[in-house]
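Here are my notes for you to read with the model open beside them. Take them one point at a time and find each residue as you go.

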Amino acid sequence: MVKSIVAGNWKMNKTPKNGKLFISDVLADINEIINIDIIFFPPFTGLYNLDIYPPFYLGAQNCYFKDNGAYTGEISLSMLLECNVNYVIIGHSERRQIFNEKNDLINKKVLKVIESGIKPILCVGETIDEMNAGKAYDIIKEQLISGLNGTKSLSNIIIAYEPVWAIGTGLTASSEQINDIHKFIRKILSQLFDEKESKNTPILYGGSVNSSNANELISIDGVNGFLIGGASLDIVKFSEIIRVVNSQ
Ligand code: PGA
């Protein structure tokens with residue numbers, strides 16, 4: 001069985017002090033036995049010197065694929081490793097759309113993250129226009145094939161399906177849509193790798209997940225957890241989602 005994951009992507013929110021306080025509040029609030037992994041994704045400035053322990057982990061929202069050098073504004077994997085980062089989000093739709101990241105750059109990052117021993121969370125998902133044009137499956141297939149090109153194993157990879165039109169909008173895909181796309185993603189993974197590995201790969205759903213819809217969404221077959229934006233900034237909502245997923 002795939003272990004569920006609740007991942008909170010803070011995006012460009014929370015100063016280092018606010019973030020540290022928020023994490024210690026969540027750790028204090030969640031004191032029951034937890035069978036899932038919980039990952040916080042603060043901005044880079046909030047990653048250093050945090051007191052964190054399993055089942056809580058730290059992740060970064062992005063990275064660069066070079067080891068070091070003249071890449072103004074970028075962050076390397078060794079810098080993240082020194083902050084005890086275990087996961088990196090790669091190819092989030094905001095990186096793809098606002099910062100113009102293409103599949104080949106995303107692939108370079110995925111390969112570098114794996115090489116470092118950190119686990120990439122590769123985000124895939126269609127825009128509203130792509131969905132309306134009936135292209136969602138083609139887009140997701142392309143993002144998976146290009147993003148995972150050259151990887152030898154799925155064992156340290158997590159996929160997040162995030163329909164772009166559902167991110168931050170209050171809209172979520174229907175249970176049927178999510179079920180179909182998650183099945184489709186697993187099918188592509190089984191074609192690219194092997195059946196067993198594809199069965200064991202966590203596939204998260206993201207896009208307006210909150211404490212009111214978490215129960216319904218986590219019950220969908222093939223959903224192994226969530227990548228959460230807005231609701232991960234609020235201790236009450238985030239803790240509630242953790243409890244909902246943990247009780248599944
Ligand atoms: P949201 O963001 O939960 O605010 O829709 C999800 C994401 O961008 O990962």
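1. Let's start at the ligand. An oxygen atom of the ligand lies 2.7 Å from an N or O atom in the side chain of His92. Keep in mind throughout that this is a predicted model.

2. Lys11 does something you can look for next: an N or O atom in its side chain is 2.7 Å from an oxygen atom of the ligand. With Gly230 the backbone is involved, as one of its N or O atoms lies 2.8 Å from a ligand oxygen. Now zoom out a bit. How many residues surround the ligand? There are 13, and the closest are Lys11, His92, Glu162, Gly168 and Ser208.

3. Next, have a look at helix α10, which covers residues 235–246. Its 12 residues reach 16 Å from the first C-alpha to the last, close to the 16 Å expected at 1.5 Å a residue. At the start of the helix, a side-chain oxygen of Asp234 comes to within 2.9 Å of the backbone nitrogen of Val236.

4. Which residues of α10 are buried? They are Phe238, Ser239, Ile241, Ile242, Val244, Val245 and Asn246. As for what they pack against, you'll find strands β1 (5–9), β2 (37–41) and β8 (225–228), along with helices α1 (16–29) and α9 (214–218).

5. Stay with Phe238 for a moment. This residue has a relative accessible area of 0%, so it is buried, since the cut-off is under 20%. Phe40 is also at 0% relative accessibility and counts as buried.

6. Now for the rings. The whole structure holds 10 aromatic pairs. One of them joins Phe40 and Phe238: the pair is tilted, with 5.9 Å centre to centre and 50° between the planes.

7. Trp10, Phe22, Phe40, Tyr53, Phe56 and Phe238 form one aromatic cluster. Trp10 also has a charge over its ring: the charged end of Lys14 sits there, 5.6 Å from the ring centre. You can find another such arrangement at Phe99, where the charged end of Arg95 sits over the ring, 4.1 Å from its centre.

8. Go to Ala7 in strand β1. Is this residue buried or exposed? Ala7 has a relative accessible area of 0%, so it is buried. Leaving aside neighbours within four places in sequence, Ala7 is in contact with Ile39, Phe41, Phe226, Leu227, Ile228 and Phe238.

9. Last stop: Asn62, in the loop between β3 (56–60) and α2 (77–82). Not counting residues up to four places away in sequence, Asn62 touches Phe44, Leu80, Val88, Ile89, Arg95, Glu101 and Lys109. Arg95 is the residue whose charged end sits over the ring of Phe99.

Terms used. Residues are numbered from 1 along each chain as its sequence is written. This is a predicted model: local features need pLDDT of at least 70, side-chain atom pairs count only at pLDDT 80 or more; totals for chains, interfaces and linings use all residues. Side-chain values use heavy atoms; hydrogens and water are left out. Helices (H or I, at least four residues) and strands (E, at least two) are DSSP runs, numbered from the N terminus. The expected span of a helix is 1.5 Å times one less than its number of residues. Buried means under 20% relative accessible area, exposed over 50%, partly exposed in between (1.4 Å probe, protein chains only). Contact means heavy atoms within 4.5 Å. A polar contact is a pair of N or O atoms within 3.5 Å; within protein, one must be able to donate a hydrogen and the other to accept it, and residues adjacent in sequence count only if both atoms are side-chain atoms. Rings of Phe, Tyr and Trp (its six-membered ring) pair if their centres lie within 6.5 Å; planes under 30 degrees apart count as stacked, over 60 as edge-to-face and the rest as tilted. A charge sits over a ring if NZ of Lys or CZ of Arg is within 6 Å of the ring centre and within 35 degrees of the ring normal. A residue is near a molecule or strand if one of its heavy atoms lies within 4 Å of it.
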